[in-house]
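The sequence and structure come first.

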Amino acid sequence: MRHHIWDEQTRRKWNALVKKLAREYRNTAVKLGGVLIKVGQFLSTRADFMPDAFIQELAGLVDRVPPSSFSYAKSLMEKEWGGDINDHLLELNEEPVASASIGQVYKATLKNGKEVAVKVQRYRVRDIFHMDFKALKLVFWMIKLFTSFGKKADLNSLYRELIVVMDRELDFEQELAYGNYFKERFKTNEAIYIPGYIESLCTKEVLVMEWMDGAKITDLSYMNKHNIDIQQTAKTLFNFYLDQFLNDGNFHADPHAGNILIQSDGTIVIIDFGMIGEVKKQDTHYFKQFIQGLIMDDYDKVVQTLDDMNFVLPNADRTKLKKMIKQTIEMYQNGSFIHMNTHTMETIKEDIRLFVKDQPIQLSADYAYLGRAISIVFGLLVSLYPDVDIEKWAKPKVKQWIGGKSFTDSIYVQVAKDSAKPILSFPKAMLKWLENGEKDREWEKEKQQNKLMHHFYILVELFSFSLMVGGIYSGLYVDKVIGYLLTGVFSITLVILLIKHFRMIRSRK
């Protein structure tokens, strides 16, 4: 209400306000834990509807909270294992090595002397999460009812996706399955190691896996101390995640430095498979179709692919969307991605954010987490090896992924089909053109009639409303009986007119 003109100064005030709100949210989330941290992480992935200032403030929100009591963790282990912990463990450190909103991790030693990490769910975490889910549903209802964003976005599907993604993390048996999946998938990759699990001790609320020594992947001093090739490490990490992002299957959706270790021999260890996304087989088809459309400058195909992926909401201006994509692609075709640095990444992210903000686009949760994972991995690569050559590393992998020569041939076939299409469809198009002339005239005539009827209803409604107000005045100051009678008659007339008018409008949509 106070800032009718949105100049640079107003935008600065707005961004300062958004940052303040995001900071308050982050501090509250860290204090209370539970779903608030997960929602904050989720919101930091949503450039399709969150302000950039808010996203930047929440980007560093890490799931680290004060640990709960050791006595509860011990009692839970005994309950889940059906006996004293000494029946299974030789030693258990009472101080957790990590503590998050869902679980905390302890270092322990099995009876056979093998060192393990024991992950235990926090006290009443399921009850807290499901209570938060109910509160979150109320928040989504308020957003839907009282905000312009709520009118534009599909909040019901957004809420369902958010709950599904977070609910996965509450099931440690699901995390065990994901850990085994990744171990099997990358068993031939000698540069990557996925820890094994002690499945006999794994339950819905307790996980036991191999203990992994090493440093965070971003610890350059550790890598230099052990003479580890940093460039090769960055390339190995890049290939590992590119394979997940391009091919169908599950992908590691939380690839921050705390979940990726580097060992003294240069082996990369991936831990914590609580947050997992999925690239479906249909998604890879869409990705290839999208690339084919860009290569052929067929932006109708690009927009259609986005439509098929449910990126574009029904009320989007597809013509404008196509124009924006074309302009963005042409701008980057003139640049170079050889030296991909943090500034370039931020520029791209800003362009995408503005692009998404301008149009009714909504990403599904899996696509949002895929985007978040890609962004985190790029950030890791740049901090690990600033001279990273993304184009050089990606080119052979992407070429192999899209099918090499067969993909190129398919593009030529598609070009030939598209070239022949106007000739083959000419007779049909001519007939359609001749028919459309008459159809257009009929449509224009119907449009004019609807317009006149719309105006007629408005005029009669205003007249009835005026008479109804006159009846109320008569009832108050002239004659109560006549006034109430007039008010009743014209109130009913007005309601009938409004209903008929509303039905007419709906039938014309």
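## A charge over a ring

A charge is taken to sit over a ring if NZ of Lys or CZ of Arg is within 6 Å of the ring centre and within 35 degrees of the ring normal. The charged end of lysine 288 meets this condition over the ring of tryptophan 401, at 5.5 Å from its centre.

The model is predicted: local features need pLDDT of at least 70, side-chain atom pairs count only at pLDDT 80 or more, and totals for chains, interfaces and linings use all residues. Residues are numbered from 1 along each chain as its sequence is written, and side-chain values use heavy atoms, with hydrogens and water left out.

## Aromatic pairs

Rings of Phe, Tyr and Trp (its six-membered ring) pair if their centres lie within 6.5 Å; planes under 30 degrees apart count as stacked, over 60 as edge-to-face and the rest as tilted. The structure holds 12 aromatic pairs. One of them is the edge-to-face pair of tyrosine 72 and tyrosine 123, with 5.2 Å centre to centre and 80° between the planes. This pair links distant parts of the chain, 51 residues apart: tyrosine 72 is in helix H4 (residues 70–81), and tyrosine 123 is in the loop between strand S4 (115–121) and helix H5 (125–146). Helices (H or I, at least four residues) and strands (E, at least two) are DSSP runs, numbered from the N terminus. Tyrosine 123 has 51% relative accessibility and therefore counts as exposed. For this term, buried means under 20% relative accessible area, exposed over 50%, and partly exposed in between (1.4 Å probe, protein chains only).

The rings of phenylalanine 129 and phenylalanine 133 have centres 6.1 Å apart and planes at 80°, so they too form an edge-to-face pair. Both residues lie in helix H5, four residues apart, about one turn of the helix. Phenylalanine 129 is buried at 0% relative accessible area, and phenylalanine 133 is buried at 5%. Elsewhere, ring pairs link Tyr181, Phe182, Phe186, Phe240, Tyr241, Phe245, Phe251 and Phe273 into a cluster.

## Strand S4 and its partners

Strands of a sheet pair through backbone hydrogen bonds, either parallel or antiparallel. Here two strands pair if DSSP finds at least two bridges between them. S4 is antiparallel to strand S3 (residues 103–110), with seven bridges, and glycine 103 stands opposite glutamine 121 in S4. The hairpin of S3 and S4 has four residues between the strands, and glycine 113 takes a positive phi near 90° in this hairpin.

S4 also pairs with strand S6 (residues 206–210), antiparallel and over five bridges. Alanine 117 has methionine 209 of S6 as its bridge partner. S4 is mostly covered, with six of its seven residues buried.

## A four-stranded open sheet

An open sheet of four strands has the order S5-S10-S9-S7 and mixed pairing. Its edge strands are S5 (192–193) and S7 (215–216), each of which pairs on one side only. S7 pairs with strand S9 (residues 260–262) in the antiparallel sense over two bridges. Leucine 261 in S9 is the bridge partner of lysine 216.

## Cover and exposure in helices

Helix H2 (residues 35–43) is mostly covered: eight of its nine residues are buried. Among the buried residues of H2 are Val35, Lys38 and Phe42. Lysine 301, in helix H12 (residues 299–308), has 16% relative accessibility and so counts as buried. The C-alpha atoms of lysine 301 and isoleucine 291, 10 residues apart along the chain, are separated by 9.8 Å.

Tryptophan 141 lies in helix H5 and is partly exposed, at 48% relative accessible area.

Arginine 124 is not a glycine, yet its phi is positive, about 50°. Arginine 124 is found in the loop between S4 and H5 and is partly exposed, with a relative accessible area of 39%.

Asparagine 227 also has a positive phi, near 55°. The residue is found in the loop between helix H9 (220–225) and helix H10 (230–246). Asparagine 227 is exposed, at 73% relative accessible area.
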